[in-house]
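My notes are below the display.

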Amino acid sequence: MNKEEVLNHFTKLMREKPEMSSAVAAISTLVRLMECIKAKTLSELRSAIKDAITVMQTTDYSYASIHSSSEQFLRYTSLTNLDTNFQENMLERGKEFYNNMIKARAKIAKLASAFIEDGATILTHCRSRNVLEVLKAAASQKKRFTVYVTESNPDKSGYQMEKELSKLGIPTSVILDFGIGYVMEKVQLVMVGAEGVMESGGIINKIGTYPIAICARQMNKPFYVVTESFKFVREYPLNQMDVPDQFKFRASTRQNSKDLSKEHPIVDYTPPEYINLLFTDLGVVTSSAVSDELITLYC
């Protein structure tokens, strides 16, 4: 696969499989690359993988998710016997990594749905595949609950979330992004997804997540994050401005804008002190445990 074929394969997956996250699509593409390429040396194979990762990061899909999952994939596939049959061994490890990714969402749903009580009112932000799966699992347990979902400008993805939840028979209302203060006193908990989990334990997510977390803390409402461990990133931002531009702006915006300070970011950073718990495929963890998990993943 050349760079154009990598890009076409990745974008086709994102277009034809809307339930597949950009992270999973990226790893599926890398596995496909490893199946096709005939590398003579380990260095050649790793170089091809890195080139493919760079190509996928030039798309307008979540940079944080592609970056974190690909970095972990490269690390995981390298932890094998590379003296003989290096490509075969790395491909086997790559498929194992991909299969674990596929199972992650169900594990998270099982853990997080237990925290939703019968009769609860929940606030969520934009459209998160993981949050949707958690709420679906809770509904299948015959729990009755109500959901408020933010409109989530500029793409108004909250309406898509409302449509999907309503199909499941879950009472759902879309609220204006700046209506969170009004409904917060009605909810029992806030649950959001994440595009990336920083080494600090804070999260990168759709713009507007941070104000919700602040409001939840002010009103003593638990703020939960549901996310896969392959979104753990080795970045340690101190504030909003410290988040790298590639995380905050689409690739097309970075390429076409002469002054990013005049552009609106598509994500914001929620510091760890506003997060009560993270529900992951590794278990239920606190923000302070994320750095330890990253050490384990990369050692």
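These entries cover a few strands first, then a pair of helices.

**Entry 1: the model.** I note at the start that this is a predicted model.

**Entry 2: strand β2.** I began with β2, which spans residues 146–150. Is it mostly covered or mostly open? I found it mostly covered, with four of its five residues buried. Buried here means under 20% relative accessible area.

**Entry 3: partners of β2.** I looked up which strands pair with β2. Strand β1, residues 121–124, pairs with β2 in the parallel sense over four bridges. I122 stands opposite V147 of β2 there. Strand β3, residues 172–175, also pairs with β2. That pairing is parallel and has four bridges. I looked up T150 too, and its bridge partner in β3 is I175.

**Entry 4: the links.** I then followed the chain between the strands. From β2 the chain crosses through helix α7, residues 158–167, to β3. I recorded this β-α-β crossover as right-handed. β1, helix α6 and β2 form a right-handed β-α-β unit as well. Helix α6 covers residues 129–140.

**Entry 5: two helices.** I turned to α2 (residues 22–36) and α3 (residues 42–56). At what angle do their axes cross? I read roughly 145°, with the axes coming within 10 Å. The crossing is right-handed.

**Entry 6: their contact.** Which residues meet? On the α2 side I listed A26, T29, L30, L33 and M34. On the α3 side I listed L45, A48, I49, A52, I53 and M56. I sorted the residues of this contact into ten nonpolar, one polar and no charged.

How values were computed:
Residues are numbered from 1 along each chain as its sequence is written. This is a predicted model: local features need pLDDT of at least 70, side-chain atom pairs count only at pLDDT 80 or more; totals for chains, interfaces and linings use all residues. Side-chain values use heavy atoms; hydrogens and water are left out. Buried means under 20% relative accessible area, exposed over 50%, partly exposed in between (1.4 Å probe, protein chains only). Two strands pair if DSSP finds at least two bridges between them. A crossover is right-handed if, with the strands pointing away from the viewer, the path from the first strand over the helix to the second runs clockwise. Axes are lines fitted to C-alpha atoms, for helices over the stretch in contact, and angles run from 0 to 180 degrees between N-to-C directions. A crossing is left-handed if the near helix is turned anticlockwise from the far one by less than a right angle, and right-handed if clockwise. Contact means heavy atoms within 4.5 Å. Ala, Val, Leu, Ile, Met, Phe, Trp, Tyr, Cys and Pro count as nonpolar, Asp, Glu, Lys and Arg as charged, and the others, Gly among them, as polar.
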